[in-house]
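Dear colleague,

Please find below the structure that I am handing over to you, together with its sequence. My notes on what was found in it follow.

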Amino acid sequence: MHDIRMVREQAAALRDGMRRRGALDQLEPVIARLEALDRERRLAIQAVEERKAARNAASQEVGRRKKAGEDAADLQAQTRALGEEIARLESELQSTEVLIQQGLYEIPNVTLPAVPEGDETHNAVVRTWGTPRQADTVKPHWEVGEALHLFDLPRGAKISGSGFIVYRGGGARLVRALMNLMLDLHTREHGYEECWVPVVVNRASMVGTGQLPKFEDDMYALGDDQGFLIPTAEVPLTNLCRDEILDATQLPMAMCAYSPCFRREAGAAGKDTRGLLRVHEFDKVELVRYCRPEDGAAQLELLTGHAEAVLRILGLPYRVVLLAAGDTGFSSAMTYDLEVFAPGVGKWLEVSSCSIFTEYQARRSNIRFRAATGEKPQHVYTLNGSALAFPRVIAAILEHYQQPDGSVIVPEALRPYVGLDLFQ
RNA sequence: GGACAGGUGGCCGAGUGGUUGAAGGCACCGGUCUCGAAAACCGGCGUACCGGCAACGGUACCGUGAGUUCGAAUCUCACCCUGUCCGCCA
């Protein structure tokens with residue numbers, strides 16, 4: 001969420017940011033309306049506070065008179081009338097503020113200067129690693145996975161619904177192995193604190209990271225506002241310090257967690273949904289960082305590197321794509337997607353999205369730090385990235401490491417965790 | 001789930017309707033003293049919004065929300081959270 005002051009004081013930059021996303025035409029009415037509402041709000045505040053000051057003074061005078069044994073009925077009546085006026089003005093002010101908030105919720109973050117303008121056709125591959133395998137004879141992962149009894153899609157659909165997977169035997173071991181490999185790497189080599197978080201969070205947390213109110217349809221709600229299943233561990237991790245003021249010495253802060261992730265994927269039916277490519281419940285290790293604003297750019301590179309390290313260790317060819325402004329997520333200011341090549345389906349699969357949110361999320365979730373004693377608190381920058389999402393990594397492993405006889409070589413780094421050299 | 005108890009500033013803790021944004025203490029910052037430090041003493045020390053070039057002024061905030069009142073940290077109601085005991089349970 002932006003600050004209403006951004007609209008007031010940096011309207012030109014805001015409009016330019018929307019233009020770069022290709023969203024200015026759509027958002028111009030919202031911005032213009034916010035500018036008017038902001039003026040309205042400030043006038044209303046002045047009107048209310050003026051009357052409150054008068055009421056406070058009069059009330060004190062009532063107290064003084066009563067103590068002195070004098071009559072104060074006239075002042076009391078006058079103050080009662082003031083109180084009614086305040087109530088009326090305040091409800092007007094409140095509806096203005098609700099409208100302002102609704103407007104602000106509709107405006108995405110402004111992307112950083114390094115982000116290309118325009119839609120996804122302007123996405124830029126910034127580097128590639130490894131050599132994608134020729135696709136000719138490789139079977140798609142769903143065929144080889146079922147054949148090797150690594151996962152069971154029909155029975156997943158039977159017990160839960162389509163888009164839910166039962167991993168079995170070596171496949172189940174593989175999931176557990178990926179979790180341990182990734183957590184070990186990030187905690188031992190990359191300096192993240194390992195966290196184990198609840199997968200149910202409250203509404204405030206979902207609002208804090210921006211899933212609500214805009215994307216409620218895509219979330220699993222538990223009913224009667226008893227909570228939501230997390231769509232990613234980003235939600236609990238980023239909200240860890242919600243409504244807190246951190247000490248500068250705590251930054252940068254780095255947390256990682258494994259969690260299952262729950263997504264309704266409403267409206268996504270039919271597209272890239274075969275096998276493990278798009279499911280309602282999947283597993284992921286997530287990285288989250290808080291940092292000082294001036295460190296933001298470097299921290300994004302660092303975090304992206306941490307996610308890439310997983311793919312290198314697994315020996316999976318990948319590319320890093322800098323998303324153009326129009327393809328960058330709503331809250332993000334800059335995003336690198338990591339795409340791994342899956343020769344069986346002949347596609348690059350997105351296995352990670354590493355983003356910096358500048359202070360957009362931190363304002364919403366009220367995460368601040370104090371640079372030095374006596375200084376005003378300011379918002380931290382938040383970052384996060386998957387490192388990595390399991391199902392597509394599994395898909396890539398089953399295709400990249402597939403042998404002509406249908407068996408699959410276990411990547412070397414995973415062998416101690418899986419306890420096998422070969423799935424056959 | 002039931003019964004009690006409780007939620008006040010970074011922390012501890014006073015405060016049951018009227019200069020209480022909130023005593024006191026601790027912590028922290030600045031100063032005096034000291035060769036330096038400690039101690040002692042003096043001063044400062046919440047967050048946000050509105051107005052103002054600024055100095056500064058105003059408003060709000062004592063778990064959250066609503067209510068009573070001229071006036072609420074203080075009274076009423078609902079909810080949330082924490083603690084203790086009981087029940088249940090992986």
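**Overall make-up of chain A**

The secondary structure of chain A amounts to 13 helices and 18 strands. Please bear in mind that this is a predicted model. The C-alpha trace of chain A spans about 100 × 45 × 40 Å along its principal axes. Of the 424 residues in chain A, 50% are buried. Counting contacts in chain A between residues at least 6 apart in sequence, 72% join residues at least 24 apart.

I begin with helix H2, which covers residues 11-20. Its buried residues are Ala-11, Leu-14, Gly-17, Met-18 and Arg-20. In an α-helix there are 3.6 residues a turn, so residues three or four places apart point the same way. Just after H2, Gly-22 adopts a positive phi of about 75°.

**The pairing of H3 and H4**

Two packed helices are described by the angle between their axes and the distance between the axes. For H3 and helix H4 (residues 73-105), the packing angle is about 155° and the axes lie 8 Å apart. Angles over 145 degrees count as roughly antiparallel, and H3 and H4 are therefore roughly antiparallel to each other. The crossing in which H3 passes H4 is left-handed. Sorted by class, the contact of H3 with H4 has 18 nonpolar, six polar and 14 charged residues.

**A three-stranded sheet**

Turning to the strands, I would draw your attention to an open sheet formed by three of them, in the order E8-E14-E15, with mixed pairing. Strand E8 (244-247) and strand E15 (377-379) stand at the edges of this sheet. Each of these two has a single partner strand, so one side of E8 and one side of E15 are left without a neighbour in the sheet. On average, neighbouring strands of this sheet are turned by 40° against each other, direction ignored.

Strand E14 comprises residues 367-370 and is joined to E15 by three bridges. E14 and E15 run antiparallel. As for individual residues, Arg-370 has Pro-377 in E15 as its bridge partner.

With kind regards

Terms used:
Residues numbered from 1 in each chain as written. Chains lettered and ligands numbered in written order. Predicted model: local features only at pLDDT ≥ 70, side-chain atom pairs only at ≥ 80, totals over all residues. Heavy atoms only, no water. Pairing = 2+ DSSP bridges. Helix = DSSP H or I, 4+ residues; strand = E, 2+ residues; numbered from the N terminus. Axes fitted to C-alpha atoms, helices over the stretch in contact; angles between N-to-C directions. Buried < 20%, exposed > 50% of the residue type's maximum accessible area, 1.4 Å probe, protein only. Parallel < 35°, antiparallel > 145°, perpendicular 65-115°, else oblique. Left-handed = near helix turned anticlockwise from the far one by under 90°. Nonpolar A, V, L, I, M, F, W, Y, C, P; charged D, E, K, R; others polar. Contact = heavy atoms within 4.5 Å.
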